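Have the structure open beside you as you read.

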Amino acid sequence: MAMGAHSNGWRALAGVFGLAFVVVLLFALVALVALRPTDHLAWVQLADLAADLRLDAGLQTKPLKDAVIAEALHDQALDGTAAGGLAIAPVLAAVPQQPVVAVSLPPAVRPVTTPTPSQPAPQPAPSATPAPTPAPMAVPTPTATPAPSPAPAPSSTPAPKPSPSATPTPTPAPPFAISSATESVSKSFKNGSSNGGGNNGHCAQTTVTATGSFTTNGVGGWVFYQWVRLDSQGNRTTIPEAPIWVVAGDTSSHAVVSDLFTPPSSGSDQLVFLNPAYSVPPQGWSCVG
């Protein structure tokens, strides 16, 4: 039983190898037939398929098999040229003994096409006569038009620049000063008489009154002043007074505080301005000591 199974396996394996060999041989024969060199070509004029296939009609070459060419020649010999089929060029069918396309067929079945006597022999196209060359005509030379000279550009006169106005130098304000001053001294007697009465003008019965005034330049400021008394014995007495404020722009006369006293002897009284500095001549009086 084991022996029979072993022999069946070898037979199956041999059958597979044999089938493979047959297939390889068949493919080799097909390849030889397909790769056999084709030396026979036929000129086939295709129908005008430009309207249907949108192609340009014309003479195209395509290698055909011998059997196809033989069938085409046979059909042409029997039925004539069909309008809708393959058309063999007249040159291929006109030669009776040696056609342009050699078909590998036995001599007994090779078709022979007799040329149609009604077809006229092709006439050579007449050579085109060259047209006479016209005589060259003289072309007039155009006269060059001179280019217009450009107009001179007007010279622009620059506008004079305004000179900057000079800034005036501010005049410095003058210092505060006294323009003028006056002074007067008078005496009176205590008993009301003008000459002292029975006192014969004794100083103890005399009252001295000194008055004064001043004007400024209008700058404005404080005015400091004093009274200076000087008797006949050379004694000097200074009586300072309160300052007076003068508004800017005021140039009117201003009175000072009067100096009123009983003198010990004859003497003088003077109005002295400390600031702004100014002084007037002293005014004197006389009395009996």
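The protein has 4 helices and 13 strands. Keep in mind that you are looking at a predicted model. Of the 289 residues in the protein, 21% are buried. As for the surface, the protein exposes about 21900 Å², and 64% of that area is supplied by carbon and sulfur atoms.

Next, think about which residues touch. Take the contacts in the protein with a separation of 6 or more: 64% of them are between residues 24 or more positions apart.

Now find strand β5, which covers residues 206–216. Is this strand mostly covered or mostly uncovered? Strand β5 is mostly covered, with 9 of its 11 residues buried. Buried here means that a residue has under 20% relative accessible area.

Who are the partners of β5? Start with strand β4, residues 178–189. The two strands run antiparallel and are joined by 11 bridges.

One more partner to visit is strand β9, residues 254–255. How many bridges join β5 to β9? There are 2, and these strands run antiparallel. Look for Phe-214 and you will find its bridge partner, His-254, in β9.

How values were computed: Residues are numbered from 1 along each chain as its sequence is written. This is a predicted model: local features need pLDDT of at least 70, side-chain atom pairs count only at pLDDT 80 or more; totals for chains, interfaces and linings use all residues. Side-chain values use heavy atoms; hydrogens and water are left out. Buried means under 20% relative accessible area, exposed over 50%, partly exposed in between (1.4 Å probe, protein chains only). Two strands pair if DSSP finds at least two bridges between them. Contact means heavy atoms within 4.5 Å. Accessible areas come from the Shrake-Rupley method with a 1.4 Å probe; for residues, only the protein chains shown count as cover.
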